[in-house]
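Thanks, everyone. Let me put the structure up, and then I'll walk through it.

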Amino acid sequence: MEILKKRILEDGIVIGDDILKVDSFLNHQIDVDLYNEIGKEFKAHFKNKKIDKILTIEASGIGLACVVSQHFGCVPVVFAKKTESLNLDKDIYHSEVYSFTKKKSYKVMVSKRYLNPDENILVIDDFLANGKAIIGLESIINQAGAKLQGVGIVVEKGFQGGGDELRNRGIDLKSLAIVDSMKNGKIVFREEI
Ligand code: 5GP
C-alpha cells in the first residue's frame, strides 16, 4: 500500500534494529483518513470471504478494527482484553501471549458470549512481529469453534518471521506493508506487495 509505505518512511522512527514507532499516525495519534484507506485495502483483499465479526486485541487494534468494520458492512468488532476486571464475564476463552515489546507474557481474554461456533472471523491488528498475538487470537477462535477467515495487518516486520510462519500454515494473511529490514535506521520494504 503505497501511501502507507510513504507515511512510514516520512514519519516512522526506528528504535534500535527492530522497533518501529509509528505513533504519530497509527497507534497513539490516529490519522482517520489513513485508517479509512486501510479499511478499503482489507476489503479489496478479503472481498470474496464471508466475515461475520472482526476480532482484535486491545488497545490499538480497537479503533482500527472499528474503521475496518465499516468496509465490511459494520460487522461487530470484538476485542480481546488484557486485564481481568469485575466487568468481564467469568465464562471466557483465554490464551497466553508473549509480548516482544514488553518482554513478558500476558493473558488475553474474550467472553464466551461474543464468539460463537461457526462464525467467520477476520482478525485485524496494527503490527505483526513474531506472530504471538495473532496465534493467541487464533487459539481463542478455535476454542469457540469459530472459523478464522483471514488476518489483516497494517505493518508486518518480516524479519521477525511471524508472518511467514502464519502464511506457511495456510492462513490468509494480508499485510499492507512488510518491513524486511531496519538496519542502521534504514527501512527496507519487501517488494512483492
Ligand atoms: P507479535 O505478537 O507479532 O510478536 O507482536 C505484535 C504486537 O507487538 C503488536 O500488537 C504490537 O502491539 C507490538 N509490536 C511488535 N513490534 C512492534 C513495533 O515495532 N512497533 C510497535 N509500535 N508495536 C510493535
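Start with C74. Look at its backbone: phi of C74 is near 55°. That is a positive value, and C74 is not a glycine. Keep in mind that this is a predicted model.

Now the other backbone point. Which peptide bond is cis? The one from E58 to A59, with omega near 5°. A59 is in the loop between strand 3 and helix 3, and helix 3 covers 60-69.

Where does the ligand sit? The space taken by the ligand is the largest pocket. Strand 7 gives the largest share, four residues.

How many residues surround the ligand? The count is 16. The closest are L20, A129, N130, G131 and K157. Sort the shell by class and you get seven nonpolar, four polar and five charged residues.

Next, the polar contacts of the ligand. L20, one of the closest residues, uses its backbone: a polar backbone atom of L20 is 2.8 Å from a nitrogen atom of the ligand. K157 is also among the closest, and here a side chain is used. A polar side-chain atom of K157 lies 2.7 Å from an oxygen atom of the ligand. Then there is D125. An N or O atom in the D125 side chain is 3.0 Å from an oxygen atom of the ligand.

Last topic: salt bridges. The count comes to 17. Let me pick out one of them. The side chains of D172 and K49 meet in a salt bridge, at 2.8 Å from N to O. This pair links distant parts of the chain, with the two residues 123 apart. D172 is in the loop between helix 5 (162-168) and strand 9 (173-181). K49 is in the loop between helix 2 (32-45) and strand 3 (53-57).

One is the cis peptide bond from E58 to A59. Another is the ligand, in the largest pocket. And there is the salt bridge between D172 and K49. That's it from me.

Notes. Residues numbered from 1 in each chain as written. Predicted model: local features only at pLDDT ≥ 70, side-chain atom pairs only at ≥ 80, totals over all residues. Heavy atoms only, no water. Near = heavy atom within 4 Å. Polar contact = N/O pair within 3.5 Å; in protein donor to acceptor, adjacent residues only side chain to side chain. 1 Å grid on protein atoms, 1.4 Å probe; cavity = no way out; pocket = protein on both sides within 12 Å on 5 of 7 lines; lining within 4 Å. Sits in = over half its atoms within 2 Å of the grid points. Nonpolar A, V, L, I, M, F, W, Y, C, P; charged D, E, K, R; others polar. Salt bridge = Lys/Arg side-chain N within 4 Å of Asp/Glu carboxyl O.
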